[in-house]
Amino acid sequence: GEKVFKNREKEIGWFPVHSDGDTEDHEILSGFPGTFTPFHWHGETFDLPGDARMLGSSGACWNQGFLYGDHVLALQFHLEITPQIVEGLLQHASDDLTAGPYVQSVPEIRKGLEYCPENKAILFQLLDRFLGPVHKI
C-alpha cells in the first residue's frame with residue numbers, strides 16, 4: 001500500500017548495502033551481514049510499509065529491502081544474480097547505462113562478478129531461515 005516512485009539516482013552495478021542494525025533480534029534476519037555488496041539494476045525506490053523492518057540502505061537508495069511480519073520479504077537488490085544474468089542485462093538493457101554517480105561501466109560491472117559467490121551464500125542463508133518455519137508445518 002505504500003508508494004513506489006523514481007529514485008533520485010539510478011543504481012546499476014555493485015554497490016554496498018549497510019544494515020541498519022535492526023536485524024539481529026529477529027530469527028529470520030539474524031546473521032544478515034552488516035555490510036555486503038550486492039548487484040543493483042534499478043531506478044525506482046519505495047516508501048517503507050508501516051511495521052516493516054528495513055534491511056538496509058545504500059548511498060543511492062535508502063530503502064534496500066524489508067521484512068514485513070514473518071511472511072513478506074522484499075529486496076531491492078539482486079542476490080540471485082549470476083554471470084549469465086549480468087551478461088544478458090548488458091546485452092539487452094545497456095541503454096540503462098547512462099552517466100551517473102551510481103551507474104558503473106561495463107568493465108566495472110564485469111569485475112564485480114567476483115561478488116556472486118558471497119551473494120549466493122547470503123541468499124541461501126536468508127531463504128533457509130525465511131522458509132524454515134514453513135517446512136516445519
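**Exercise 1. Determine how many aromatic pairs the structure holds, and classify the pair of Phe15 and Tyr102.**

Solution. The model is a predicted one. Step one is the count: 6 aromatic pairs are present in the structure. Step two is the geometry of one of them: the ring centres of Phe15 and Tyr102 lie 5.7 Å apart, and their planes stand at 70°. Planes over 60 degrees apart count as edge-to-face, so the pair of Phe15 and Tyr102 is edge-to-face.

Step three places the two residues in the chain. Phe15 is in the loop between strand 1 and strand 2 (17-18), while Tyr102 is in the loop between helix 1 (83-92) and helix 2 (106-111). The pair thus links distant parts of the chain, 87 residues apart.

**Exercise 2. Decide for Phe15 and for Tyr102 whether the residue is buried or partly exposed.**

Solution. The cut-off needed is that buried means under 20% relative accessible area. Phe15 has a relative accessible area of 13%, so Phe15 is buried. Tyr102 has 23%, and therefore Tyr102 is partly exposed. Over the chain, buried residues make up 41% of the 137 residues.

**Exercise 3. Identify the bridge partner of Trp14 in strand 4, and describe the surroundings of that strand.**

Solution. Strand 1 (residues 4-14) pairs with strand 4 in the antiparallel sense, over 7 bridges. Within this pairing, the partner of Trp14 is Phe39. Both residues also belong to one aromatic cluster, together with Trp41 and Tyr115. Strand 4 (residues 39-46) is mostly covered, with 7 of its 8 residues buried.

**Exercise 4. State the strand order of the open sheet of 3 strands, and name its edge strands.**

Solution. The order is 5-6-7, with antiparallel pairing. Strand 5 (52-54) and strand 7 (72-75) are the edge strands, since each pairs on one side only. From one strand to the next, the twist averages 15°. Strand 5 and strand 6 (residues 65-68) are joined over 3 bridges; in strand 6, Leu67 is the bridge partner of Arg53.

Technical notes: Residues numbered from 1 in each chain as written. Predicted model: local features only at pLDDT ≥ 70, side-chain atom pairs only at ≥ 80, totals over all residues. Heavy atoms only, no water. Pairing = 2+ DSSP bridges. Helix = DSSP H or I, 4+ residues; strand = E, 2+ residues; numbered from the N terminus. Axes fitted to C-alpha atoms, helices over the stretch in contact; angles between N-to-C directions. Buried < 20%, exposed > 50% of the residue type's maximum accessible area, 1.4 Å probe, protein only. Phe/Tyr/Trp six-rings, centres within 6.5 Å; stacked < 30°, edge-to-face > 60°.
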